[in-house]
Amino acid sequence: MQNQSKDPLHGITLQKIVEALVEYYGFDTLAELIPIKCFISNPSVKSSLTFLRKTDWARKKVEDLYVKSLPKLAK
(Lines give C-alpha, C1' and ligand atoms only; values in the text may rest on other atoms or scores of the structure.)
Protein backbone atom coordinates (compact mmCIF):
# COMPACT_ATOMS: atom_id res chain seq x y z
CA MET A 1 0.00 0.00 0.00
CA GLN A 2 1.38 3.36 -1.04
CA ASN A 3 1.33 6.27 1.40
CA GLN A 4 -0.08 9.30 -0.37
CA SER A 5 0.08 12.76 1.12
CA LYS A 6 -3.23 14.23 2.19
CA ASP A 7 -1.79 17.70 1.61
CA PRO A 8 -3.64 19.17 -1.41
CA LEU A 9 -0.54 21.23 -2.26
CA HIS A 10 1.77 18.19 -2.39
CA GLY A 11 3.53 18.03 -5.74
CA ILE A 12 2.02 21.26 -7.09
CA THR A 13 4.35 24.10 -8.00
CA LEU A 14 3.69 27.70 -7.06
CA GLN A 15 3.58 28.50 -10.77
CA LYS A 16 0.75 25.99 -11.36
CA ILE A 17 -1.15 27.42 -8.38
CA VAL A 18 -0.86 31.01 -9.64
CA GLU A 19 -1.72 30.02 -13.23
CA ALA A 20 -4.81 28.10 -12.09
CA LEU A 21 -6.02 30.99 -9.94
CA VAL A 22 -5.41 33.54 -12.71
CA GLU A 23 -7.22 31.35 -15.23
CA TYR A 24 -10.20 30.89 -12.93
CA TYR A 25 -10.46 34.32 -11.26
CA GLY A 26 -8.39 36.68 -13.41
CA PHE A 27 -6.04 39.26 -11.92
CA ASP A 28 -8.84 41.75 -11.16
CA THR A 29 -10.71 39.34 -8.91
CA LEU A 30 -7.47 38.01 -7.40
CA ALA A 31 -6.53 41.58 -6.47
CA GLU A 32 -9.88 41.92 -4.67
CA LEU A 33 -9.52 38.59 -2.87
CA ILE A 34 -5.83 39.08 -1.99
CA PRO A 35 -4.95 42.79 -2.21
CA ILE A 36 -1.22 42.60 -2.86
CA LYS A 37 0.68 44.77 -5.31
CA CYS A 38 1.73 41.93 -7.62
CA PHE A 39 -1.97 41.33 -8.42
CA ILE A 40 -2.95 45.02 -8.52
CA SER A 41 -0.22 46.91 -10.37
CA ASN A 42 0.87 45.58 -13.80
CA PRO A 43 0.10 41.98 -12.86
CA SER A 44 1.77 39.05 -14.57
CA VAL A 45 2.40 35.47 -13.58
CA LYS A 46 6.18 36.08 -13.67
CA SER A 47 6.12 39.14 -11.39
CA SER A 48 3.67 37.42 -9.04
CA LEU A 49 5.94 34.37 -8.75
CA THR A 50 8.97 36.57 -8.02
CA PHE A 51 7.10 38.34 -5.21
CA LEU A 52 5.43 35.25 -3.77
CA ARG A 53 8.68 33.27 -3.63
CA LYS A 54 10.21 35.99 -1.44
CA THR A 55 7.17 36.75 0.72
CA ASP A 56 5.95 33.90 2.92
CA TRP A 57 2.79 35.58 4.24
CA ALA A 58 1.60 36.40 0.70
CA ARG A 59 2.41 32.91 -0.59
CA LYS A 60 0.40 31.45 2.32
CA LYS A 61 -2.64 33.57 1.35
CA VAL A 62 -2.38 32.41 -2.27
CA GLU A 63 -2.00 28.77 -1.24
CA ASP A 64 -4.98 29.06 1.13
CA LEU A 65 -7.14 30.55 -1.63
CA TYR A 66 -6.05 27.75 -3.98
CA VAL A 67 -6.99 25.04 -1.45
CA LYS A 68 -10.33 26.76 -0.76
CA SER A 69 -10.97 27.05 -4.52
CA LEU A 70 -10.05 23.45 -5.43
CA PRO A 71 -13.67 22.27 -5.76
CA LYS A 72 -14.36 25.15 -8.21
CA LEU A 73 -11.10 24.64 -10.11
CA ALA A 74 -11.83 20.96 -10.64
CA LYS A 75 -15.01 21.69 -12.60
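Visitor: So which residues in helix 1 meet helix 4?
Guide: Leu-14, Ile-17, Val-18, Ala-20, Leu-21, Tyr-24, Tyr-25, Leu-30 and Leu-33 do, contact meaning heavy atoms within 4.5 Å. Across from them in helix 4 are Arg-59, Val-62, Glu-63, Leu-65, Tyr-66, Ser-69, Lys-72 and Leu-73. This is a predicted model: local features need pLDDT of at least 70, side-chain atom pairs count only at pLDDT 80 or more, and totals for chains, interfaces and linings use all residues. Residues are numbered from 1 along each chain as its sequence is written, and side-chain values use heavy atoms, with hydrogens and water left out.

Visitor: At what angle do the axes of helix 1 and helix 4 cross?
Guide: Roughly 95°, and the axes come within 10 Å. Helix 1 and helix 4 are therefore roughly perpendicular (65 to 115 degrees).

Visitor: Switching topic, how many aromatic pairs are there?
Guide: The count is 3, with ring centres within 6.5 Å. One of them is Tyr-24 with Tyr-25: centres 4.8 Å apart and planes at 90°, so edge-to-face (over 60 degrees).

Visitor: Is Tyr-25 buried or exposed?
Guide: Tyr-25 is buried at 17% relative accessible area (buried is under 20%, 1.4 Å probe, protein chains only). Tyr-24 is partly exposed at 41% (between 20% and 50%).

Technical notes:
Axes are lines fitted to C-alpha atoms, for helices over the stretch in contact, and angles run from 0 to 180 degrees between N-to-C directions. Helices (H or I, at least four residues) and strands (E, at least two) are DSSP runs, numbered from the N terminus. Angles under 35 degrees count as roughly parallel, over 145 as roughly antiparallel, 65 to 115 as roughly perpendicular and the rest as oblique. Rings of Phe, Tyr and Trp (its six-membered ring) pair if their centres lie within 6.5 Å; planes under 30 degrees apart count as stacked, over 60 as edge-to-face and the rest as tilted.
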